[in-house]
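Welcome! Take a look at the structure first, and then read on.

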Amino acid sequence: MEKIVEMENFSFSYGGEAIFYQFSFTMVAGDFCVILGPMGSGKTTLARILMGLEATHDYIKINNLFMNPKNLTEIRKNVKVVFENPIPFLSNSTVYQELAFALSKTDCETPEKKIRQFVQEFPIESLLSKNVFSLSNGEKQIVSLASALLQNPKLLVLDEALSLIDENKKEQILDFLKQENQKGLSILWLTNDSENLMYGNKFLFLDKGELIFSGKPEDVAKLEKELNSHHLELPFFIDLSKRLSYYGKCSEIPKDYKELVDQIWK
Amino acid sequence: MEIKMVNVGYQSPKGELLLDSVDFSFQEGKITGIIGPTGSGKTTVLDLIRLVKLPTTGEITMGKYFINSKGMQGNINEYYSNIGYVSADPKSRFFFHQVAEEISFQLEKFRYPMEKRTQQLERTLDIVGLDSSYLYRDPLSLSSGEANLISLAINLSYNPKILLLDEPTIGLDSFHKQTLITLLMRIRTRYQKTILIASHDVDFINRVADELLVLKDGKVLSSGPKVDVLKESQKLKECNISLPKITKFEDYVMENKKIRLGRRQEINDLVKDILRKS
């Protein structure tokens, strides 16, 4: 299988404090990978590293390219990172211009057509004529995600990038991301909200710069103790079913709401 | 201090109507959660109260202070000492190299006696559940969750009567969320503060708020005591307002199994409810 991210024995420190020590992580192309990590576990640093903002050396390979100054331009074309706070990356213009600017960095020849196509599936049409700075923080996140997607990256890294978007919009956006994922886009989502796990097909647990678990999203139920000791919660319906299982209800871990309810009221 | 909004509207310089005839009273000693989709005017409400924006129509009354489109009547310095504000992006408001300097700057601004300052520094962090090692950290090296808590701590250090929180749960894990909930509930009853929280995290709001103000496209969709607002969950759902997970689960059970569960805030109460009714 082709690998999109390879990190081998990678160490990184910030101001004398080791954030990653002999860190190894590989991601297969086409995966939708969710990395769960508590506050201060190194999520943002990892995102910055993948974009080539922090360290450039040969322990990291992205899309078969070593991360060194020579390859940096090529890597940044392939990897788009969307951060939680998008404000520093936006220019003072309308949303449409912002998207057109994002496209100007690619070799797309018909930006107008591409944006028109894009807005039919991505919930951003109502924002197009607005000024970027008059938007709410959640809307800014949407714009910044849209510009990243328009540039057709091979790997999309989300660093809590959907944290301010309200749930209904978030559902729509995730549906879109899942579609793109099926078409071959690799997605790496860094988050501290375990509710997000269920969207991915792979799940890793990051703590203090170490990956201490990897598996399928459902496996999170086994990690109750680890999550609690790191001040994280189980996804709501798994949490509920676990609590009910102490009283003899819900013997199995359900996959969704429906299964849970059917187990309670047979 | 009660904050009374009468027919308040705000139009941006570009002509967009961000708030439209809002009538609402934020009560003293209560936590009011302001919820609504992105771009519904949550932050604008806070901006009006901290005088970053002036209402284009209507008026806001707070004790002896009065705000309308012409400005504010009263002593502005005194007014600001009554207002604590934690922004959604607190890091952009830090400008010292150490958290300690950041806190003492705030204390200095409000003329806190010099002798008491050092002692106050540690106490300030203690309130939000962070240890004193944070005093010597560089504010820019903090994660967004830590920065949020420290910004809240700084704001509490001068004891304002009104506390405005914009998306306070960003980057917080469940432990620190719980600390925040306990803290907010404690200061609201003990010090009779008026607390406003604008947040899209409806689960957090469901656990902490007493009152709800639901906004949609700048208009008030629903408002009042939380329990009453959530009773009309169907109406909120139709207007695309996100609901707390517990409320959604209760609605799902009602829809599919015709079993009515009470409106709960904590998962343990929900478990008890389920055991009783199954």
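A contact here means heavy atoms within 4.5 Å. With that in mind, A:S144 touches A:V82, A:P86 and A:L90, leaving aside residues up to four places away in sequence. This is a predicted model, in which local features need pLDDT of at least 70 and side-chain atom pairs count only at pLDDT 80 or more, while totals for chains, interfaces and linings use all residues. Residues are numbered from 1 along each chain as its sequence is written, chains are lettered from A in the order in which they are written, and side-chain values use heavy atoms, without hydrogens and water.

**A:S144 and its helix**
- A:S144 sits in helix α5 (residues 137-150) of chain A; helices (H or I, at least four residues) and strands (E, at least two) are DSSP runs, numbered from the N terminus.
- A:S144 counts as buried because its relative accessibility is 13%; buried means under 20% relative accessible area, exposed over 50% and partly exposed in between, with a 1.4 Å probe and protein chains only.

- In helix α4 (residues 111-121) of chain A, the buried residues are A:I115, A:F118 and A:V119.
- They lie on the same side of α4(A), because they cover an arc of only 95 degrees around the axis; the arc is that of the directions from the helix axis to the C-beta atoms.
- An α-helix has 3.6 residues a turn, so residues three or four places apart point the same way.
- A:R116 and A:Q120 are exposed on the other side of α4(A).
- The cover over the buried residues of α4(A) includes α3 (95-104), α5 and α6 (167-182) of chain A.

**Chain A as a whole**
- Chain A has nine helices and ten strands, and its C-alpha trace spans about 60 × 45 × 35 Å along its principal axes.
- Of its 266 residues, 53% count as buried.
- Among contacts in chain A between residues at least 6 apart in sequence, 62% join residues at least 24 apart.

**Chain B as a whole**
- Chain B has eleven helices and eleven strands.
- Its radius of gyration is 20 Å, close to the 19 Å that the globule rule gives for 278 residues, so chain B is as compact as a globular protein of that length; the radius is taken over C-alpha atoms, and the rule is 2.2 Å times the number of residues to the power 0.38.
- Of the 278 residues of chain B, 54% count as buried.
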